[in-house]
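This report considers selected side-chain interactions in one protein chain. The sequence and structure are shown first, and the account follows.

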Amino acid sequence: MYAYIEGKLALKEATHVIVDVQGVGYEIKISLNTYAAIKNAEKSRLFTYLHVKEDAHTLYGFVAIE
């Protein structure tokens, strides 16, 4: 559904981030490898996977190493 989300990193923690995209905050679960890659960044593009379950919709993000 979402290929990637790009915006300002409003909150960064080891397990999740909140990405502000024009006033909308997306909570995205991340790995420790992704956290290490973005911990000093103010903005980021995270490629995403939306995991849909009966009781939750969870967005996972991964950084592309170039």
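Two residues are in contact when heavy atoms of one lie within 4.5 Å of heavy atoms of the other. The structure described here is a predicted model.

Threonine 34 belongs to helix α1, which spans residues 32–38. Its relative accessibility is 4%, so threonine 34 counts as buried, the limit being under 20%. With neighbours within four places in sequence left aside, threonine 34 is in contact with Leu46, Gly61, Phe62 and Val63.

Serine 44 is placed in strand β4. This residue is also buried, because its relative accessible area is 9% and buried means under 20%. Leaving aside neighbours within four places in sequence, the contacts of serine 44 are Ile5, Glu6, Gly7, Leu9 and Ile38.

## Glutamate 6 and arginine 45

Side chains of opposite charge can pair when their charged atoms come close. The structure holds two salt bridges. In one of them, the side chains of arginine 45 and glutamate 6 meet with an N to O distance of 3.0 Å. This pair links distant parts of the chain, with arginine 45 in strand β4 and glutamate 6 in strand β1, 39 residues apart.

Glutamate 6 has a relative accessibility of 39% and counts as partly exposed. Not counting residues up to four places away in sequence, glutamate 6 touches Val19, Val21, Ser44 and Arg45. The C-alpha atoms of glutamate 6 and leucine 46 are separated by 6.3 Å, although these residues are 40 residues apart along the chain.

Arginine 45 is likewise partly exposed, at 37% relative accessibility. Its charged end sits over the ring of tyrosine 4, at 4.2 Å from the ring centre.

## Glutamate 27 and lysine 29

A salt bridge is also formed between glutamate 27 and lysine 29, whose closest N and O atoms are 3.5 Å apart. Glutamate 27 is partly exposed, with a relative accessible area of 46%. Lysine 29 is partly exposed as well, with a value of 33%.

## Aromatic pairing

The structure holds two aromatic pairs. One of them joins tyrosine 2 and tyrosine 26: the ring centres are 6.3 Å apart and the planes stand at 65°, so the pair is edge-to-face. Tyrosine 2 lies in the segment before β1 (4–12), whereas tyrosine 26 lies in strand β3 (residues 24–29), and the pair therefore ties together parts that are 24 residues apart in sequence.

Tyrosine 2 is partly exposed, with a relative accessible area of 34%. Tyrosine 26 counts as partly exposed at 25% relative accessibility.

## A nonpolar surface patch

Tyr49, Tyr60 and Phe62 make a nonpolar surface patch of about 310 Å². Tyrosine 49 is located in strand β4, which covers residues 43–52. Its relative accessible area is 47%, and tyrosine 49 is therefore partly exposed.

Phe62 is a member of this patch and is also among the contacts of threonine 34. Strand β4 contains tyrosine 49 as well as the buried serine 44.

How values were computed. Residues numbered from 1 in each chain as written. Predicted model: local features only at pLDDT ≥ 70, side-chain atom pairs only at ≥ 80, totals over all residues. Heavy atoms only, no water. Patch = residues over 30% accessible without salt bridge, like charges linked within 9 Å, V, L, I, M, F, W, Y side chains within 5 Å. Areas by Shrake-Rupley, 256 points an atom, 1.4 Å probe, with all protein chains shown as cover. Salt bridge = Lys/Arg side-chain N within 4 Å of Asp/Glu carboxyl O. Helix = DSSP H or I, 4+ residues; strand = E, 2+ residues; numbered from the N terminus. Buried < 20%, exposed > 50% of the residue type's maximum accessible area, 1.4 Å probe, protein only. Phe/Tyr/Trp six-rings, centres within 6.5 Å; stacked < 30°, edge-to-face > 60°. Lys NZ or Arg CZ within 6 Å of the ring centre and 35° of its normal.
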